[in-house]
Each structure stands twice: as C-alpha cells, then as structure tokens.
Amino acid sequence: MYKNLAETIKGIIDVRTVSEERKTILQPLIDYVQRKANSGADINLNFICTHNSRRSHFAQVWAQVVSAYFNIPNVHCYSGGTEETALFPKVAETLTNQGFTIFKIAETDNPVYAIKYKDNALPIIGFSKKYDSPFNPASAFVAIMTCSQADGGCPFIAGAEKRIPITFEDPKISDGTPEQAQVYAERSLQIATEMCYVFSMIKS
C-alpha cells in the first residue's frame, strides 16, 4: 500500500471516534459482511446515492481499500446512482491528497478514473453510472444507500439481497466556498473511519 495512504489509514484507525449512534447504523453492514465471510462467499457491496458523484465513490473506494488493509478476502466494491452524472473532480483531488494514485483512463463528459492504492493491485475504476449498470453486480449484493434522497426515492433495488441505509452529509454544500477542500477532506475521512470500523469488526 502506498506510504502516504497507509499513513492516512493509521491516522483514522482509532475507531473510538465513531459514535454509538453511528455504530448502530453500521451494525447491519457488519452483520452482512460477517455472514458472507463465514461462508467464504463473495462480498459484493454496492454504494448508492443520487448522482454517483461524491459520497458513493468515497464509500466504494474506502471500503475496497480498508477491506484489503484488514485482510478481509473476496470483497468487491461498487457504486451507482439513481441517475448518471460524473465523478466530481474534487473527489479525485481529495483522494489523491490522502494518498491514492489516480489518473484518467477516458476523458469524456463522464470521465473514467483508475484509482490505485498500491502498485500491484488492480485499480478501482471510478465513473458515474446508474446502480443497475452492467458494470455492477446484478444479484447477490447489498445495496448501501449513502444519501437519504436516493434511499427515499428508490424503494426497490433489483437483485439486492439486502438494503442498508448508511447516509452521509453531502460535501456538495461546500462547493464554491473557501471551506470546500476542508469539507471534502473531512467527509472522505469520516467515511474512511466508518469503513475501518466495519472491517475491523470482521472476524476471520
């Protein structure tokens, strides 16, 4: 794992910062992952928000990396939206600042990013898509709703074994303000910390 990224993770590994309220919200995901791990099955996590541009990508990337950090096998993380837009550039910039290596592999209105956390691991592919895109699993996955708008506006996720709302405040509220970089960094680290908590609780 890249040194700067490992340092970022070491800085958030103290999961005592996760409140009891948030632990209760995260418990269904812990239970789902543990059941899958116990059976040796693939653990397919699809993080879903409205535009698949910010929170769902942060969650997808951090869950994939943190599962590797804690040596939890067979974890495959995806993201999607109720509509397709584009990965917001500040997300890639924030993750780069936190230790990832990111480069575009397709330059379009909806760019495709390769997000690497170590040299010899397959990159995480980041781009905006609908949750039921052919890129994502069609069955045997958990739908993790990262925004209340998507959770309320999308009552049925075809193929999902389970649906778990784990919502985060949208960093978009800071766009165009002097606080934007700080807000995006804080939201990314909050999501990273909570994913650390989830995967640190999984017993092999």
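**Exercise 1. State what volume the largest pocket has, and find which elements and residues line it.**

Solution. The largest pocket holds about 160 Å³ of space. On a 1 Å grid over the protein atoms alone, a pocket is an open set of points where a 1.4 Å probe fits, with protein on both sides within 12 Å along at least five of seven lines, and lining residues have an atom within 4 Å of a point. The volume is the space filled by probe spheres set on the points, which are joined across faces, edges and corners.

The model is predicted, so local features need pLDDT of at least 70 and side-chain atom pairs count only at pLDDT 80 or more, while totals for chains, interfaces and linings use all residues. Residues are numbered from 1 along each chain as its sequence is written, and side-chain values use heavy atoms, with hydrogens and water left out.

Next, locate the lining: among its residues are Q60, Q64, H76, Y117 and P123. At least two lining residues come from each of α3 (55-69), β2 (75-81) and β5 (124-126), and β2 gives the most, with 4 residues. Helices (H or I, at least four residues) and strands (E, at least two) are DSSP runs, numbered from the N terminus.

Finally, sort the lining by type: 8 residues are nonpolar, 3 are polar and none is charged.

**Exercise 2. Determine which residues of helix α1 are buried, and what they pack against.**

The buried residues of α1 pack against α3 and α6 (180-200), where contact means heavy atoms within 4.5 Å.

**Exercise 3. Identify which residues touch the most other members of the largest nonpolar core.**

Solution. A nonpolar core is a set of buried Ala, Val, Leu, Ile, Met, Phe, Trp, Tyr and Cys residues joined through side-chain atoms within 4.5 Å. The largest such core has 48 residues, of which L29, L45, W62, F100, M195 and F199 touch the most other members. The largest share of this core, 8 residues, comes from α6.

Take L45 as an example: not counting residues up to four places away in sequence, L45 touches several residues, including L29, V75, V142 and F199.

Definitions and conventions:
Ala, Val, Leu, Ile, Met, Phe, Trp, Tyr, Cys and Pro count as nonpolar, Asp, Glu, Lys and Arg as charged, and the others, Gly among them, as polar. Buried means under 20% relative accessible area, exposed over 50%, partly exposed in between (1.4 Å probe, protein chains only).
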